[in-house]
Amino acid sequence: MYSFNHTLREENTPSDVRSILYHIARGVKYINFSLRAGNTGVAKSQNSSGEEQLTLDVLSDNIIIEQLQYSQLVACCASEEQEELMYFPAPRGKYTVAYDPLDGSSLVGANLTIGSIFGIWEGGELNGKKGRDLLASAYAIYGPRVELIVALKGKGVFIFEMNDVGEFMLTQKKLELKDTSKYFAPGNLRATAIHPKYLTLVEKYIAEGRTLRYSGGMVPDLHHILKKGEGIFTYPGCAKHPNGKLRLAFECAPFAMIFAEAGGLALDVHGTEILDLEIKSPHERTTIFIGSTDEVKNAVKALQ
Ligand code: P6P
């Protein structure tokens, strides 16, 4: 099996992007160690979305900030755990990384699988960027096996598995999604209270005998789709989150890029491609329908 660095070199990844991804991989390794050994307690603080932070949220965020600073390439960091954008001296280059250091951390107490999500843009500013501009995106999934999934612009999606000495070895490359699917991951079912057509869509899936796969963690739920090569994840808005709950910069744009590189699609509830949504503020949210192309188009059409 090929190593992480060997694969990125083989794909002619620009050296700056390769270096940032290398530091992200190191951060993932340290987050994994902290998860397996760390305190799952509450940090008695809240993030900018008003969500209670776990000790692990704060620790994971600090790990990623440190690694991105070490790269000397990241001028701007946007973290789901930080209210404001962070700016660092970056003598070797000028990139922006938006990330969710521990997505789904509320599931840690139940010992369910969670992950980290990253998007890498050129330039030293996040606002004004779109998912279409991403140079690379990645996510880590801390399950029975630790996997790091990387999408390189125009090069496809690569899966690496962490071995017992903390190295990431290539296990799959150039992932492709089918246009249709038998799986569905219906997020935010409370939205059926204001979206009767959403209830009709879910009932249609059930009547067709499709298989429901939903854990409440965006990373494992979308990873299931990529690994199976098919599926649709739906997260419309509801009374509490009329524009959706999931964040554009930290979650939806990076995943939209990854799925596009695997031949999939990500739309918001209005039918706009997530990749074309301009980031206006770091914590803005969006609705998202993502997965097998035909399923995503049909789902958004069904809600109009
Ligand atoms: P709900 C986890 O809190 C998260 O941000 C995503 O990982 C996940 O897809 C979503 O929220 C789950 O939301 O409404 O099902 O709790």
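Which residues are around the ligand?

Modeller: In this predicted model, the residues around the ligand are Asp103, Gly104, Arg190, Tyr214, Gly216, Gly217, Met218, Phe233, Tyr235, Lys245, Leu246 and Glu251. By class, this shell comprises five nonpolar, three polar and four charged residues.

For Asp103, an N or O atom of the side chain is 2.5 Å from a ligand oxygen. For Tyr214, a polar side-chain atom lies 2.8 Å from an oxygen atom of the ligand. Met218 instead contributes a polar backbone atom, 2.8 Å from a ligand oxygen. Of the 390 Å² of accessible area that the ligand has on its own, the protein covers 82%.

Glu251 is among the buried residues of helix H6, which spans residues 248–261 and has twelve of its 14 residues buried. Others buried in H6 include Phe250, Cys252, Pro254 and Phe259. Following H6 comes Gly263, with a positive phi near 80°.

Met218 belongs to the residue range of helix H5, 218–228, and H5 gives the most to the lining of the second largest pocket, with four residues. This pocket holds about 280 Å³ of space. Among the residues that line the pocket are Pro220, His223, His224 and Lys227, together with Ser215, Arg145 and Glu147. The pocket lining divides into four nonpolar, five polar and three charged residues.

How values were computed
Residues numbered from 1 in each chain as written. Predicted model: local features only at pLDDT ≥ 70, side-chain atom pairs only at ≥ 80, totals over all residues. Heavy atoms only, no water. Near = heavy atom within 4 Å. Polar contact = N/O pair within 3.5 Å; in protein donor to acceptor, adjacent residues only side chain to side chain. Areas by Shrake-Rupley, 256 points an atom, 1.4 Å probe, with all protein chains shown as cover. Nonpolar A, V, L, I, M, F, W, Y, C, P; charged D, E, K, R; others polar. Buried < 20%, exposed > 50% of the residue type's maximum accessible area, 1.4 Å probe, protein only. Helix = DSSP H or I, 4+ residues; strand = E, 2+ residues; numbered from the N terminus. 1 Å grid on protein atoms, 1.4 Å probe; cavity = no way out; pocket = protein on both sides within 12 Å on 5 of 7 lines; lining within 4 Å. Points joined across faces, edges and corners; volume = space filled by probe spheres on them.
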